[in-house]
Amino acid sequence: MATVTLKGNTINTLGNLPANGSKSPDFKLVKSDLSTATLADYSGKKVVLNIFPSVDTGTCAKSVRQFNEEAAELNNTAVLCISKDLPFAQGRFCGAEGIENVEMLSDFKDGNFGKAFQNEFVDGPLQALLSRAVVVLNEEGNVVYSEQVPETVDEPNYKAALEALMDA
């Protein structure tokens with residue numbers, strides 16, 4: 001188990017994020033049109049996985065906005081914003097916010113993403129949701145950066161993630 005906090009209170013995830021240098025686990029996530037997205041769909045591209053509990057919280061929404069802004073400048077890169085929110089809620093948020101440069105994906109069906117990446121909460125008030133994390137993959141699907149945000153209400157280190165992306 002990995003330990004993080006929520007407003008200073010300890011909560012745990014299934015385990016640790018994939019290690020730098022390792023192959024990314026495969027996944028199946030639900031797109032806004034209810035079709036399926038897999039890791040293979042992004043083959044040959046750099047990928048930023050912006051993972052969070054729910055787009056309906058301030059910090060999660062801010063991370064989507066920030067990565068949306070940064071993604072406009074990135075070449076050969078897919079920015080995937082991943083939560084267990086229903087695709088309908090993700091779509092409503094993106095429409096209201098003018099989010100167009102990132103792809104919202106949901107792990108609501110079977111939770112395979114949270115299990116594969118070991119960042120599903122196993123206890124506490126956010127149990128079964130995804131913990132806040134950023135994972136960057138190179139064009140070969142290898143992990144080049146990962147950050148498990150230690151305090152759930154804090155934002156990820158955007159600068160470090162984007163620097164790792166540029167170096168990938």
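Phe27 is buried, with a relative accessible area of 2% (buried means under 20%, exposed over 50%, partly exposed in between, using a 1.4 Å probe and protein chains only). This is a predicted model: local features need pLDDT of at least 70, side-chain atom pairs count only at pLDDT 80 or more, and totals for chains, interfaces and linings use all residues. Residues are numbered from 1 along each chain as its sequence is written, and side-chain values use heavy atoms, without hydrogens and water.

**Aromatic pairs**
- The whole structure holds 4 aromatic pairs (rings of Phe, Tyr and Trp, the last by its six-membered ring, with centres within 6.5 Å; planes under 30 degrees apart are stacked, over 60 edge-to-face, the rest tilted).
- One of them is tilted: Phe27 and Phe117 lie 6.4 Å centre to centre, with 55° between the planes.
- These two residues are 90 residues apart in the chain.
- Phe117 is buried too, at 0% relative accessibility.
- Phe67 and Tyr158 are edge-to-face because their planes meet at 70°, with centres 5.3 Å apart.
- Phe67 sits in helix α1 (residues 58–71) and Tyr158 in helix α4 (residues 158–167) (helices are DSSP runs of H or I, at least four residues; strands are runs of E, at least two; both are numbered from the N terminus).

**Strand β6**
- Strand β6 (residues 77–83) is largely enclosed by the rest of the structure, because 7 of its 7 residues are buried.
- Thr77, Val79, Cys81 and Ser83 cover one side; Ala78, Leu80 and Ile82 are on the other.
- In a regular strand, side chains alternate between the two faces of the sheet.

**Neighbours of β6**
- β5 (residues 46–51) pairs with β6 in the parallel sense over 6 bridges (pairing needs at least two DSSP bridges).
- β7 (residues 103–106) runs parallel to β6, joined by 4 bridges.
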